[in-house]
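Dear colleague,

Please find the structure below, with its sequence. My notes on what was found in it follow.

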Amino acid sequence: MDPLLLGAIVAIATILVLFSGVSVAIGLLIVSAGFLIVFDGARSLELMPEILFGKLDNFALLSIPMFIIMGSSIASTRAGADLYEALERWLTRIPGGLVVSNLGACALFAAMSGSSPATCAAIGKMGIPEMRKRGYPDGVAAGSIAAGGTLGILIPPSVTMIVYGIATETSIGRLFLAGVIPGLMLVGLFMAWSLYSTWKSGDATRLGSGSYTWAERFEILPRVLPFLGIILGVLYAMYGGIATPSETAAVGALLCLLIAMIIYKLWNPKDIWVVLRDSTKESVMILFIIAAAGVFSYMLSSLFITQSIAEWIGTLDVNRWVLMGAVNVFLLIAGFFLPPVAVILMAAPILLPIITTAGFDPIWFAVVLTINMEIGLISPPVGLNLYVINGIAPDISLKTILTGSLPFVACMVIAIVLLCLFPGLATWLPDLVMGAAV
């Protein structure tokens with residue numbers, strides 16, 4: 001059978017299996033095993049255990065559970081509420097400063113936790129009721145938190161970036177640095193739209209926060225600065241050549257757990273058990289998907305699907321930006337239905353040779369891919385962040401939340417366009433800190 005036709009059949013079969021409700025990892029294994037048996041015979045399954053466990057034999061994978069523990073420790077405390085309150089106190093005099101405070105808190109909490117749903121939940125529980133009480137439109141209140149929560153997979157340390165680095169054998173340190181400027185750019189675009197929509201909605205003075213004394217502003221800083229110090233310390237250790245990403249993640253996880261215990265009195269063994277239990281569940285889920293995606297990639301390569309697609313793309317007489325536009329559309333659609341980790345692990349083996357052949361930087365492409373995944377987090381039918389916000393504020397309709405999120409989707413599209421026009425937004429910082437890639 002023609003490999004391109006076979007690739008189309010594999011894609012359709014994968015979509016049908018995943019839409020059946022089976023978990024992503026199990027679905028990938030079912031599809032892989034089925035096509036290997038049909039085209040390579042039952043003996044090909046003998047290699048599956050070796051590939052499955054071999055994919056997990058990677059020291060860099062240790063950073064995933066460590067960063068997840070780091071985020072869970074923070075998410076299990078009042079750190080999100082304190083972060084939100086600290087920014088509110090310092091930005092109180094800005095008209096519309098409350099929505100800016102929420103977005104800033106989302107950005108900082110996302111950097112600390114690395115989880116989009118956790119960011120939405122932690123900041124949204126405090127921010128949405130407060131914004132609505134002060135007269136902000138429901139769409140702005142809900143949409144800003146939903147969009148701000150997506151920053152968790154872009155601003156370092158990001159588990160999604162780690163997964164991309166492992167899947168494509170790309171430097172995780174470079175990927176982290178590549179997400180900094182685009183992440184800050186997105187925060188700026190989100191804030192600009194929020195301030196404009198707030199100003200447009202009515203009396204800006206009514207939308208201001210309360211007044212706080214300087215003593216009240218400084219009073220809250222000791223509760224949030226240690227966490228921010230850990231983030232900066234982790235990044236410094238990683239880029240200063242002091243330790244590997246896995247080692248810094250382990251130290252960061254331990255320090256976050258200790259600070260949660262000391263500052264927020266997380267002494268109850270049951271609470272600590274919940275942190276470790278939830279971290280283990282999420283880590284095992286991600287690692288299982290990584291292992292299953294390794295088998296899936298082997299199946300694609302064994303049946304010459306990956307090679308044929310790359311070769312076919314190379315023969316197309318189209319502008320490389322037209323090709324990148326098609327790739328973005330594919331990623332956008334995939335992000336509507338699948339979680340970011342699954343999309344990266346399934347698409348990377350196919351897309352990486354295509355984008356490198358077309359002359360695109362894989363580090364730059366990681367940022368573009370991640371922003372596409374962010375759009376998927378606030379777009380139906382899956383739109384995980386939309387449902388998290390709906391759970392926090394059930395009296396705000398899903399339609400209102402979605403409508404409020406759409407302008408932020410436009411901001412993300414603008415960010416992708418800016419990255420295409422100015423690739424240095426993603427590549428300048430990694431090249432500055434770690435030297436130009438060879």
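T248 is buried, at 4% relative accessibility (buried means under 20% relative accessible area, exposed over 50%, partly exposed in between, with a 1.4 Å probe and protein chains only). T248 lies in helix 14, residues 245-263 (helices are DSSP runs of H or I, at least four residues, numbered from the N terminus). Leaving aside residues up to four places away in sequence, T248 touches V234, A237, M238 and A243 (contact means heavy atoms within 4.5 Å).

This is a predicted model, in which local features need pLDDT of at least 70 and side-chain atom pairs count only at pLDDT 80 or more, while totals for chains, interfaces and linings use all residues. Residues are numbered from 1 along each chain as its sequence is written, and side-chain values use heavy atoms, with hydrogens and water left out.

As to the cysteines, the count is 0 disulfides (a disulfide is a pair of cysteine sulfur atoms within 2.5 Å). For C106, the nearest cysteine sulfur is that of C120, 6.6 Å away. C106 is buried, with a relative accessible area of 0%. For C256, the nearest cysteine sulfur is that of C106, 18 Å away. C256 is also buried, with a relative accessible area of 0%.

Helix 7 (residues 116-133) and helix 8 (residues 138-149) pack with their axes 8 Å apart, at an angle of about 160° (axes are lines fitted to C-alpha atoms over the stretch in contact, and angles run from 0 to 180 degrees between N-to-C directions). The two helices are therefore roughly antiparallel (angles over 145 degrees).

Yours sincerely

Methods
Parallel < 35°, antiparallel > 145°, perpendicular 65-115°, else oblique.
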